[in-house]
Amino acid sequence: MRLPSCMACVRPQNEDSENSKRIDREIKLWYRNYNEAIKLLLLGTGESGKTTIIKQMKILHVQGFSQSERIEKIPHIRHNIHESIYDIVCHMDPLGVSLQHPKNAPAKGHITRLGFDGPAEYDEEYYDRVRSLWQDGGVRECFRRSNEYQLIDSAEYFLDRIDLISKPEYMPSDADILRCRQKTTGIQKIEFKVKVPKSMQGGVQNFWMFDVGGQRGERKKWIQVLEGIHAIWFVVASSDYDQTLREDHKQNRLREALNLFEDVWQSRFLLEAGLIVFLNKQDILERKVRAGRSIAPYFPEYEHFNAPGDEYLKTRSFIRNMFVNLTQKRVERRQTAWTGSGPALGEASRPRECYLHYTTATDTDNVRTVFWDVHHLIVTHALNDIGIL
Ligand SMILES: Nc1nc2c(ncn2[C@@H]2O[C@H](COP(=O)(O)OP(=O)(O)OP(=O)(O)O)[C@@H](O)[C@H]2O)c(=O)[nH]1
Ligand SMILES: [Mg+2]
């Protein structure tokens with residue numbers, strides 16, 4: 001890591017050695033304070049779970065969600081209900097799926113006419129329509145085929161809770177906030193403090209965690225936060241193997257994650273940053289695979305892959321393996337939409353390592369465990385960088 005240029009000019013000319021030592025001490029102290037925070041950056045494609053991890057950091061390391069923050073989420077949660085039912089019913093005709101009960105046709109027509117934005121007011125009449133549609137076998141059939149169109153992951157979670165959410169006194173729980181889907185645009189930062197073990201100089205360590213939007217149109221903003229990052233958490237929606245991107249209906253979501261990971265791994269801006277991959281959405285992956293939806297039609301290489309365990313364990317090992325393989329490929333510095341072009345700056349000052357974890361970002365206990373596993377690694381990496389360890 002380089003000294004900031006403002007620090008390079010504090011050393012006076014013709015200093016005596018005592019003075020020099022004092023100034024060195026001051027610089028080191030100043031440098032410590034200046035770089036006090038360990039900077040983590042969450043990267044990954046759209047809907048992989050980056051913001052959900054930020055929310056977990058708020059639950060685990062800040063004071064959680066205040067009453068006013070919970071109230072702020074209510075319109076977004078209600079809109080998640082609307083966009084879920086809207087996207088399902090709008091895809092029934094294109095997929096050739098009919099309503100089980102023709103009496104629900106007026107409700108379907110009404111929801112479709114409301115458009116994506118939804119009703120001006122979420123009243124009892126609106127919720128009754130959504131409720132009867134969600135109980136219709138045809139709507140469920142179209143929901144089961146949601147990998148063939150774009151539907152938020154929390155659709156079932158919120159549609160199942162419509163009775164609770166429709167109440168005037170409804171207040172979102174932590175679980176509801178973790179499930180609420182709002183696309184990130186721009187860059188957001190959360191700061192928190194974590195105790196450092198005594199074996200590693202003790203005290204308290206500040207963290208700054210940056211969250212960026214993962215959809216293609218958002219990635220050109222990433223360059224603004226790459227400088228001085230200690231570790232990247234690269235988040236992958238492992239369950240997306242049979243889905244296509246919202247922004248490009250021809251591109252498989254998991255393939256996009258693999259391509260993006262390769263760009264990040266090879267980026268000359270991130271050579272010194274530690275890299276931790278979160279193979280996220282394990283709960284959905286397990287459910288899908290156990291329901292008989294194999295990864296093989298989308299990734300034919302799976303047929304030749306051998307690993308112990310049942311179909312789910314084998315699938316998750318296969319996905320892990322695809323990411324590990326990319327870290328073992330020869331480095332080819334490439335121009336990408338988000339790093340621009342320019343000369344390579346040389347290789348990293350130490351061998352690069354990549355750590356992979358299976359995660360379910362909506363599960364606070366799981367994120368707590370994974371955070372403690374990676375925390376030790378990140379602190380070591382960062383303290384090494386500033387010459388403290
Ligand atoms: N079931 C389940 N849902 C998850 C998991 N991780 C994230 N989600 C849900 O997936 C949706 C997308 O998550 P976000 O955290 O908004 O994704 P993101 O990576 O920030 O997406 P962008 O902001 O578009 O880049 C949200 O509704 C989350 O609740 C998971 O492990 N399991
Ligand atoms: Mg986000």
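What is the volume of the largest cavity? In this predicted model, the largest cavity has a volume of about 420 Å³. Local features require pLDDT of at least 70, side-chain atom pairs count only at pLDDT 80 or more, and totals for chains, interfaces and linings use all residues. Residues are numbered from 1 along each chain as its sequence is written, chains are lettered from A and ligands numbered from 1 in the order in which they are written, and side-chain values use heavy atoms, without hydrogens and water.

**View 1. The largest cavity and its lining.** By the grid rule (a 1 Å grid over the protein atoms alone; a cavity is a set of points where a 1.4 Å probe fits but cannot get out), the model holds three cavities of 30 Å³ or more. The lining of the largest cavity (residues with an atom within 4 Å of a point) comprises 30 residues, of which E47, G49, T52, R181 and K281 lie nearest its centre. Two or more lining residues come from each of helix 3, helix 10, strand 3 (204-212) and helix 12; helices (H or I, at least four residues) and strands (E, at least two) are DSSP runs numbered from the N terminus. Helix 3 provides the largest share, four residues. By class, this lining has six nonpolar, 14 polar and 10 charged residues.

**View 2. Ligand 1 and its shell.** Ligand 1 takes the space of the largest cavity. Around ligand 1 are 25 residues (a heavy atom within 4 Å), with K50, T52, L178, G214 and D283 the closest. Helix 3 (50-61), helix 10 (174-179) and helix 12 (282-290) each supply at least two shell residues, and the largest share, three residues, comes from helix 3. The shell contains four nonpolar, 13 polar and eight charged residues.

View 3. In the side chain of T51, an N or O atom is 2.8 Å from an oxygen atom of ligand 1. Polar side-chain atoms of R181 and T184 each lie 2.9 Å from an oxygen atom of the ligand. Taken alone, ligand 1 exposes 650 Å² (Shrake-Rupley method, 1.4 Å probe), and the protein buries 99% of that area.

**View 4. The second largest pocket.** A pocket is an open set of points with protein on both sides within 12 Å along at least five of seven lines.

Methods
A polar contact is a pair of N or O atoms within 3.5 Å; within protein, one must be able to donate a hydrogen and the other to accept it, and residues adjacent in sequence count only if both atoms are side-chain atoms. A molecule sits in a cavity or pocket if more than half of its atoms lie within 2 Å of its grid points. Ala, Val, Leu, Ile, Met, Phe, Trp, Tyr, Cys and Pro count as nonpolar, Asp, Glu, Lys and Arg as charged, and the others, Gly among them, as polar. Grid points are joined across faces, edges and corners, and a volume is the space filled by probe spheres set on the points.
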